[in-house]
Amino acid sequence: MATKAEQMASPYMSCHGSPVLKKNIYDNDFVCPECNFHHKMEPRDYYERIFFGKNNYTKINHGIPYEDVLGWEDTKKYTDRLKQAKKLSGLECGILSVEGKIKNIEVVMSCQSWSFIAGSISMPESESVLAAVQRAIEKKVPYIFIAKSSGMRMMTNNLSLIQMSRMTMAINELKRNNLPFISIITNPTTGGTSASIVPIADIIVSEKNAVYGFAGKKIVQNSSSEPLPEDFQSSEWAQKNGQIDKIVDRKELKDTIYNLLSILLKRDSNLNSLKNDDVSEINIKIEKAS
Ligand SMILES: [Zn+2]
């Protein structure tokens with residue numbers, strides 16, 4: 001079996017049983033051109049390839065609180081993990097928040113990085129969300145959160161768990177200002193992230209083939225006497241159970257978000273690419289929410 005280093009060095013990936021050139025996947029916005037599997041994509045790629053275009057967005061700055069408050073060490077020192085995560089992701093923390101325009105609609109957006117300790121959230125990530133929400137309120141524009149996360153960062157123990165309520169309070173403030181909030185689930189979105197900021201959005205969109213749930217499937221299975229469905233915690237399963245409003249291909253993401261924002265902001269827009277059924281489904285939800 002190939003080691004992780006060998007897999008990283010290989011020019012091929014295997015998402016559907018046979019090798020496919022990594023370059024072909026990267027060039028297709030990290031979606032396999034053969035099986036349509038949506039691979040993980042980093043914040044800058046979402047901003048540059050999908051939503052805004054290169055150099056067409058502005059980073060929202062925020063403070064970075066001192067992180068290793070517990071002097072944590074497991075198989076590695078936490079400070080070493082942080083150094084490695086910063087180098088690997090090119091980010092100062094696990095969330096990059098920016099402002100930009102989706103077509104003619106100004107938005108503020110935050111996106112999680114899987115390269116930064118598996119998209120985990122601690123104090124700096126929450127600071128990024130708070131600064132982004134504050135900016136959305138100042139500008140009176142919608143807020144969008146792209147999730148990809150293993151949950152809260154256990155190296156900072158309850159200080160990371162507290163961030164779930166801080167982010168929730170920030171979103172409540174956004175709602176008090178009548179500003180739309182959309183969350184986008186990408187593969188995987190689990191742990192405290194799926195139990196705080198993501199499910200309280202006005203509309204919850206998911207990319208195809210995302211895992212969405214709180215505890216891992218094996219943990220849930222061990223605490224249940226019933227066998228779990230084959231598709232348990234898939235985005236399709238979550239949609240059937242009312243946890244997700246809409247599942248889309250990555251290539252449809254920008255148009256979908258634009259159309260949803262146009263409806264939420266009650267703006268005239270080109271809704272032609274949205275099927276009639278989709279519009280009425282969304283309108284029903286908005287009526288219920290208001
Ligand atoms: Zn594939």
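Two residues are in contact if their C-beta atoms, placed from the backbone, lie within 7 Å. That cut-off applies to every touch mentioned on this tour of a predicted model.

**Stop 1: the whole chain.** Start with everything shown. The chain has 10 helices and nine strands. Of its 290 residues, 39% count as buried. Take the contacts between residues at least 6 apart in sequence: 64% of them join residues at least 24 apart.

**Stop 2: Tyr 143 and the core.** Select Tyr 143. Leaving out residues up to four places away in sequence, Tyr 143 touches Val 108, Ala 132, Val 133, Ala 136, Leu 174, Leu 179 and Phe 181. The largest nonpolar core has 53 residues, and Tyr 143, Ile 144 and Ile 182 are those with the most contacts inside it.

Stop 3: Now show the strands. Seven of them form an open sheet, in the order β3-β4-β5-β6-β7-β8-β9, with mixed pairing. At the edges are β3 (57-59) and β9, each of which pairs on one side only. From one strand to the next, the twist averages 25°. Keep α9 on display as well: α9 packs on the sheet and touches β4, β5, β6 (143-149), β7, β8 and β9. The direction of α9 makes about 70° with that of β4.

Strands of a sheet pair through backbone hydrogen bonds, either parallel or antiparallel. For an antiparallel pair, select β4 (residues 95-102) and β5 (residues 105-112), which are joined by eight bridges. Leu 96 has Cys 111 in β5 as its bridge partner.

**Stop 4: strand β8.** Select residues 203-207. Is this strand buried or exposed? Five of the five residues of β8 are buried, so the strand is largely enclosed by the rest of the structure. Ile 203, Val 205 and Glu 207 lie on one side, Ile 204 and Ser 206 on the other, and both faces are covered.

Strand β7 (residues 181-189) pairs with β8 in the parallel sense over four bridges, and Ile 182 stands opposite Ile 203. Strand β9 (residues 246-248) also runs parallel to β8, joined to it by three bridges; here Ser 206 stands opposite Ile 247.

**Stop 5: Thr 189.** Stay with β7 and select Thr 189, which is found in that strand. Thr 189 counts as buried because it has 30 C-beta neighbours inside 10 Å, where 20 or more are needed. Its contacts, apart from neighbours within four places in sequence, are Ala 147, Lys 148, Ser 149, Ser 194, Val 198, Ala 210 and Tyr 212. Draw a distance from Thr 189 to Ala 210: the two are 21 residues apart in sequence, and their C-alpha atoms are 7.4 Å apart in space.

**Stop 6: helix α4.** Finish with residues 78-89. Helix α4 has 12 residues and reaches 16 Å from its first C-alpha to its last, close to the 16 Å expected at 1.5 Å a residue. Which residues of α4 are buried? They are Tyr 78, Leu 82 and Ser 89. These three cover an arc of only 55° around the axis, which puts them on the same side of α4. An α-helix has 3.6 residues a turn, so residues three or four places apart point the same way. Turn to the face away from the buried side to find the exposed residues Asp 80, Lys 83 and Lys 87. After α4 comes Gly 90, whose phi is positive, near 70°.

How values were computed: Residues numbered from 1 in each chain as written. Predicted model: local features only at pLDDT ≥ 70, side-chain atom pairs only at ≥ 80, totals over all residues. Helix = DSSP H or I, 4+ residues; strand = E, 2+ residues; numbered from the N terminus. Expected span 1.5 Å × (residues − 1). Buried ≥ 20, exposed ≤ 12 C-beta atoms within 10 Å, placed from the backbone. Arc of directions from axis to C-beta. Pairing = 2+ DSSP bridges. Core = buried A, V, L, I, M, F, W, Y, C linked by C-beta atoms within 7 Å. Axes fitted to C-alpha atoms, helices over the stretch in contact; angles between N-to-C directions.
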